[in-house]
Amino acid sequence: MGITDLPELQAPLFVLFLIIYMISVVGNLGLIFLTKIDAQLHTPMYFFLRHLSFTDFGYSTAVGPKMLVNLVAERPTISYSWCATQLTFFSVFISSEVFILSAMACDRYVAICEPLLYTVIMSQALCHVLVAIPYLYGVFLSLLTVIKIFVSSFCGHKVIRHFYCDSLPLISLLCSDTHEIRLIILIFSTFNLVSSLLIVLVSYILILATILRMNSAEGRYKAFSTCGSHLTVIVVFYGTLFFMNVQPKSSHSFDTDKMASVFYTLVIPMLNPMIYSFRNKEVKNALHRTWKMCAHILFKTIL
């Protein structure tokens with residue numbers, strides 16, 4: 001059904017979402033590139049940030065380009081195979097992001113509460129494990145959901161009440177019994193939200209307790225500033241998820257859900273690199289060094 005059925009809104013929305021998506025692509029790929037080539041950003045914090053940008057880029061790209069095409073198409077459609085592919089990649093990346101944010105909270109806890117042991121605890125091996133587990137879990141959950149949906153039979157009415165292939169709008173099109181797949185989605189969605197948020201809350205409660213015990217005001221400010229960007233991302237991301245999942249059924253509407261979905265599929269992936277770039281001096285300095293290096297290489301090439 002797309003974003004809107006009003007023809008006069010399709011062109012403005014296409015331009016708006018194209019700009020948002022392009023900013024998101026440039027921002028996330030830029031952060032991935034920056035944290036990879038700049039030696040001063042080769043720390044656990046920026047390792048996790050690189051993977052956060054990768055998941056942001058992944059799920060926004062799973063949805064964004066096809067949504068943009070359908071905004072200008074005479075009749076918005078999606079093929080059966082691409083629908084399954086879109087749902088698979090979207091589920092993998094969105095599930096992974098939730099637990100990568102949790103891993104980032106654990107990293108901040110170790111950095112502030114155990115600073116002398118930080119390099120020992122947050123070893124390269126542990127960092128790789130903390131991102132491998134979310135990806136493997138995301139693949140497992142995605143394949144479980146997609147296979148359950150697409151081995152079932154669809155009825156003749158194949159209009160998806162959304163602007164991309166999400167699991168719940170697809171389930172409503174199934175002819176067979178959907179109780180099992182709905183229960184699986186409910187259990188795993190609840191587990192993802194509660195467990196990841198619990199890790200974040202426990203980490204920040206311990207961080208806050210440590211900060212309040214600090215005697216130096218400068219030390220407290222520095223500790224808070226290292227968590228500022230991550231906290232902002234957490235509030236935006238989980239705030240959107242709670243808005244979508246915790247609001248009472250009486251206030252639910254198709255248009256409200258679509259706007260919330262637009263926010264977390266396109267707007268949040270655009271905001272995350274901005275938050276980390278504007279609030280982080282190390283990223284700004286790395287960007288400045290990279291610009292100087294690129295300008296130097298270009299100047300030497302021209303000469």
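**Cavity, pocket and a buried serine**

In this predicted model, the residues lining the largest cavity are Met45, Phe48, Met104, Asp107, Arg108, Thr226, His230 and Tyr276. This cavity holds about 50 Å³ of space, and the count of cavities of 30 Å³ or more comes to one. The second largest pocket has a volume of about 790 Å³.

**Largest cavity**

- Three helices, α2 (44-72), α3 (80-113) and α8 (217-246), each contribute at least two residues to the lining of the largest cavity.
- The greatest contribution to this lining comes from α3, which provides three residues.
- Sorted by class, the lining of the largest cavity comprises four nonpolar, two polar and two charged residues.

**Second largest pocket**

- The second largest pocket, with its volume of about 790 Å³, is lined by 33 residues, of which Met1, Pro76, Thr77, Val159 and Ile160 are the closest to its centre.
- Two or more residues of this lining come from each of α2, α3 and α9 (254-278).
- The lining of the second largest pocket is made up of 19 nonpolar, eight polar and six charged residues.

**Ser203**

- Ser203 lies in helix α7, which spans residues 179-212.
- Ser203 has a relative accessibility of 5% and therefore counts as buried, the cut-off for that class being under 20%.
- Apart from neighbours within four places in sequence, Ser203 makes contact with Ala105, Cys106 and Tyr109.

Terms used. Residues numbered from 1 in each chain as written. Predicted model: local features only at pLDDT ≥ 70, side-chain atom pairs only at ≥ 80, totals over all residues. Heavy atoms only, no water. 1 Å grid on protein atoms, 1.4 Å probe; cavity = no way out; pocket = protein on both sides within 12 Å on 5 of 7 lines; lining within 4 Å. Points joined across faces, edges and corners; volume = space filled by probe spheres on them. Helix = DSSP H or I, 4+ residues; strand = E, 2+ residues; numbered from the N terminus. Nonpolar A, V, L, I, M, F, W, Y, C, P; charged D, E, K, R; others polar. Buried < 20%, exposed > 50% of the residue type's maximum accessible area, 1.4 Å probe, protein only. Contact = heavy atoms within 4.5 Å.
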